[in-house]
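Biologist: I'd like to go through the labels on this model with you, one by one. Could you show it to me first?

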Amino acid sequence: LGLLVLRNASCEALAPLGTASSTLSAKLFAAAKEGAKGRCCAVAALQRALQGLQDVPPYGLREVLVLLASVATCNLQELTMEDLLPTLRSKNIRVSVVSLSPEIFALKNLC
């Protein structure tokens with residue numbers, strides 16, 4: 001498991017893949033204490049997850065779970081969700097989205 005946090009239209013890696021569950025839990029609680037900052041960028045998160053998962057061997061699990069509680073997402077000018085989807089599919093990366101907020105068009109198309 002790894003942990004990425006979306007803040008200020010960027011994606012911050014709090015814990016790399018292979019982090020112990022106790023460390024992961026502590027990092028998650030620390031990030032929750034800091035609270036939300038700025039807008040989230042779903043494309044930046046998926047791009048960062050793609051970078052981390054592309055070296056996983058073919059027999060490994062390549063899955064991203066997006067937990068979202070934002071009412072909007074901002075996208076990068078240089079990369080759109082439509083540009084990223086074929087790459088995720090070609091690398092066999094599965095993306096699941098759990099949203100605690102209203103439906104977001106970009107994430108609906110992702111699933």
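Biologist: What makes cysteine 40 count as buried?

Modeller: Its relative accessible area is 7%. Buried means under 20%, exposed over 50% and partly exposed in between, with a 1.4 Å probe and protein chains only, so cysteine 40 is buried. Before we go on, this is a predicted model, where local features need pLDDT of at least 70 and side-chain atom pairs count only at pLDDT 80 or more, while totals for chains, interfaces and linings use all residues. Residues are numbered from 1 along each chain as its sequence is written, and side-chain values use heavy atoms, with hydrogens and water left out.

Biologist: And what makes cysteine 11 buried?

Modeller: Cysteine 11 has a relative accessible area of 11%, so it is buried.

Biologist: How do you know that cysteine 11 is in no disulfide?

Modeller: A disulfide is a pair of cysteine sulfur atoms within 2.5 Å. The structure holds zero of them. For cysteine 11, the nearest cysteine sulfur belongs to cysteine 41 and is 8.8 Å away.

Biologist: Why are α2 and α3 called roughly parallel?

Modeller: Helices here are DSSP runs of H or I with at least four residues, strands are E runs of at least two, and both are numbered from the N terminus. Helix α2 (residues 42-53) packs with α3 at an angle of about 25°, their axes 10 Å apart. Those axes are lines fitted to C-alpha atoms, for helices over the stretch in contact, and angles run from 0 to 180 degrees between N-to-C directions. Angles under 35 degrees count as roughly parallel, over 145 as roughly antiparallel, 65 to 115 as roughly perpendicular and the rest as oblique, and therefore α2 and α3 are roughly parallel to each other. The contact (heavy atoms within 4.5 Å) involves residues including Leu46 and Leu50 of α2 and Leu84 and Leu88 of α3.

Biologist: How do you know that the buried residues of α3 line one face?

Modeller: In α3 (residues 81-90), Met81, Leu84, Leu85 and Leu88 are buried. Down the helix axis they fall within an arc of 110°, so they line one face; the arc is that of the directions from the axis to the C-beta atoms. Glu82 and Ser90, on the other side of α3, are exposed.

Biologist: Why is asparagine 92 called exposed?

Modeller: Asparagine 92 has a relative accessible area of 63%, so it is exposed. This residue sits in the loop between α3 and β4 (94-99), and its phi is near 55°, a positive value in a residue other than glycine.
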